[in-house]
Amino acid sequence: MSILVILEQRAGAWHRMSWETLAAAQQLGAELQQPVSAAAVGDDVSAPASELAGKKLERVHAVEHALLKEYTPDGYSAALRQLITALKPRVVLFPHTYQVRDFAPKLATALERVLVSDVVAHRVENGELVLVRQLFQGKINVDVRFAGEPPYFASVQAGAYRADKVEAGSAGIEKFTPEISAVTIRTKPLEWFRESQRAVDLTAAEIIVSVGRGIKEAENIPIVQKLADALGAELAASRPICDNGWLPMERQVGSSGQTVSPKMYVAVGISGAIQHLVGMKGSKTIVAINKDPEAPIFEVADYGIVGDLFQVVPALVEEIKKAKG
Amino acid sequence: MLRVDTSRPWIQEADLSYEINEPDAYALEEGLQLKEKHSGEVVVLCAGPARAAQTIREALAKGADRAIHIEEENLGAFDPLGLARLMATALQAEKPDLVLTGLQSDDLGYGQTGVILAEVLGLPHATIIMQVEKQDGTIRVKRELEDGWFQHVEMPLPALLTIQSGINKLRYATLMGIKKAKTKEVKRLSTAELGGAGQAAIRFARVYLPEKTKHSQIFDGPPKEAAAKLVEKLKFEARVL
């Protein structure tokens, strides 16, 4: 019985959420008094596995097979099903990445378990694990408990745990070679590509003004552009704005766009769905303007104005111009 | 505004207004467009209480050919796997070439139903799909990855895809569509006849409003006053101006 954390790497480079999830697993291990092991999956994971060997872990499992070179849900699910069946962990943790969303529910189902996805916190009560999730796009929290038999599967939301809390140590690396046959892999993954040349590097901006659904129409974008100009800021947007083509995709902030941490981030008419929050909550100062006082964006904001952006933003532009002289 | 129900670990449903889940609306639209391009039939499957009939009618009005309604007033008794198993049973007789789901729900937000359903049905799948092209006996899809990356994936049919919002432009139901929808078939199935609820593997212990982790200073009142207060704070407290 132990905790197994399945981490994500690609071509030898760790996904940044892997470290956050490792920190979560170590905390859980300490609280449940269970040893923690980590797994890396690929065709050759010797380099990332040796990086893991320098962390406080019971063991590092290098899950290697030629058919795991490129990610496929069939390949990963087959390999990890065999690893979990062999190790019999009590808890299996994943980072809640796009890739994990693609295969972890399948893996849990294959083992007749239910994954608790997108966990933001945990507690241990009388030796029992309680996981916290968000409902209704962050407006409500729920404590979830497992009712059946372990292993218990959970994926951890971006930013919920701090990567710098990972404890160093020393662990042995153990190779695990799953049995996978090429015919069981039904999907054929092709090359990764990006659509836009990233002419705008939002990550370099000191101030970002970001606009969301509250702007209502493309014709209203100049209202926030004026605010960006007054602040000397780059203009960015939440996903629906870019989906509608009101601003180019390269200006999108969030899990499917860029991750930014400027000195100041001004969110205008953005409710703050988690997909957006993960892309900006590391900003130093966050300002939110929204007509809904319950909007989740106010949970992460340092300063906020509750009101109609069509009145607030022009007033703000005036005041900024005055303040800047 | 949402409020917690004091009698059970859930919210007060009277506060809710109901509509088709956003990514599901895009999944439906993708189905309708694929039918228009390649012919075939679009069948809508929905598990939900009696009030979901309204959403099903809307889908039929937009152009779906017929529907299956798994009627259940207490969906909370099911975990995602339990519910997917019922859906799989209802789907098996249909033998669909392609199953489309939204990538996640706006309420529970598990983002799992499609993937679980694929595993239960034994179908290949891909998630967070932004484009679907039918080829000879196979499909080629554009899968959204993180940080602006995409990837094409090819797979044989039958298959299951979870659809991302924004993949297409949603249509509105026409008056003609609304009229036609009234005559379209809606097959009602109870969860009992599909195998019923097994033991749920997870349960909600407590539902509550999130505690504020950050101390935010919120200004309201007349826009000019609020803006002036904010600018003062940004200049002298946060020192970002």
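1. A:Pro151 sits in the loop between strand 10 and strand 11 (152-156) of chain A. Helices (H or I, at least four residues) and strands (E, at least two) are DSSP runs, numbered from the N terminus. A cis peptide bond joins A:Pro150 and A:Pro151, with omega about 5°.

2. A word on conventions. Residues are numbered from 1 along each chain as its sequence is written, while chains are lettered from A and ligands numbered from 1 in the order in which they are written. This is a predicted model, in which local features need pLDDT of at least 70, side-chain atom pairs count only at pLDDT 80 or more, and totals for chains, interfaces and linings use all residues.

3. Chain B has a cis bond as well: B:Leu157 and B:Pro158 are joined by one, with omega about -5°. B:Pro158 belongs to the loop between strand 6 and strand 7 (159-163) of chain B. Most residues other than glycine have a negative phi, and most peptide bonds are trans.

4. Now for positive phi in chain A. A:Glu112, which is not a glycine, has phi near 55°. Its place is the loop between helix 4 (98-110) and strand 7 (115-119) of chain A. A:Glu112 has 10 other C-beta atoms within 10 Å, so it is exposed. The cut-offs are these: a residue is buried if 20 or more other C-beta atoms lie within 10 Å of its own, exposed if 12 or fewer, and partly exposed in between, with C-beta atoms placed from the backbone.

5. A:Asn126 also deserves a look. Phi is near 50° here, a positive value in a residue other than glycine. A:Asn126 lies in the loop between strand 8 (121-125) and strand 9 (128-135) of chain A. With 5 other C-beta atoms within 10 Å, A:Asn126 is exposed.

6. Strand 15 (residues 234-237) of chain A is covered on both faces. A:Glu234 and A:Ala236 are buried on one side, A:Leu235 and A:Ala237 on the other. Strand 15 pairs with strand 14 (residues 207-211) of chain A in the parallel sense, over 4 bridges. Pairing requires that DSSP find at least two bridges between the strands. Which residue of strand 15 is the bridge partner of A:Ile208? The partner is A:Glu234.

7. Chain B in outline. Its secondary structure comes to 6 helices and 10 strands. The C-alpha trace spans about 65 × 45 × 40 Å along its principal axes. Of the 241 residues of chain B, 39% count as buried. Among contacts in chain B between residues at least 6 apart in sequence, 63% join residues at least 24 apart. Two residues are in contact if their C-beta atoms, placed from the backbone, lie within 7 Å.

8. One residue of strand 4 of chain B is B:Gln131. B:Gln131 has 15 other C-beta atoms within 10 Å and is therefore partly exposed. Leaving out residues up to four places away in sequence, B:Gln131 touches B:Val141, B:Lys142 and B:Ile167. B:Gln131 and B:Ile163 are 32 residues apart in sequence, yet their C-alpha atoms are 8.6 Å apart.

9. The interface joins 69 residues of chain B to 69 residues of chain A by contact. On the chain B side, elements giving two or more residues include helix 3 (80-92), helix 4 (113-121), strand 4 (125-134) and strand 9 (202-208). Helix 6 of chain B gives the largest share, 9 residues. By class, this side has 40 nonpolar, 13 polar and 16 charged residues. Ala, Val, Leu, Ile, Met, Phe, Trp, Tyr, Cys and Pro count as nonpolar, Asp, Glu, Lys and Arg as charged, and the others, Gly among them, as polar.

10. Strands also pair across the two chains. Strand 10 (residues 140-146) of chain A and strand 9 of chain B run antiparallel, joined by 6 bridges. In strand 9 of chain B, B:Tyr208 is the bridge partner of A:Asn141.

11. The axes of helix 9 (residues 309-324) of chain A and helix 6 (residues 223-236) of chain B come within 8 Å and cross at roughly 45°. Axes are lines fitted to C-alpha atoms, for helices over the stretch in contact, and angles run from 0 to 180 degrees between N-to-C directions. The two helices are therefore oblique to each other. Angles under 35 degrees count as roughly parallel, over 145 as roughly antiparallel, 65 to 115 as roughly perpendicular and the rest as oblique. Residues making the contact include A:Leu316 and A:Ile320 of helix 9 of chain A, and B:Leu230 and B:Val231 of helix 6 of chain B. By class, this contact has 11 nonpolar, 1 polar and 3 charged residues.
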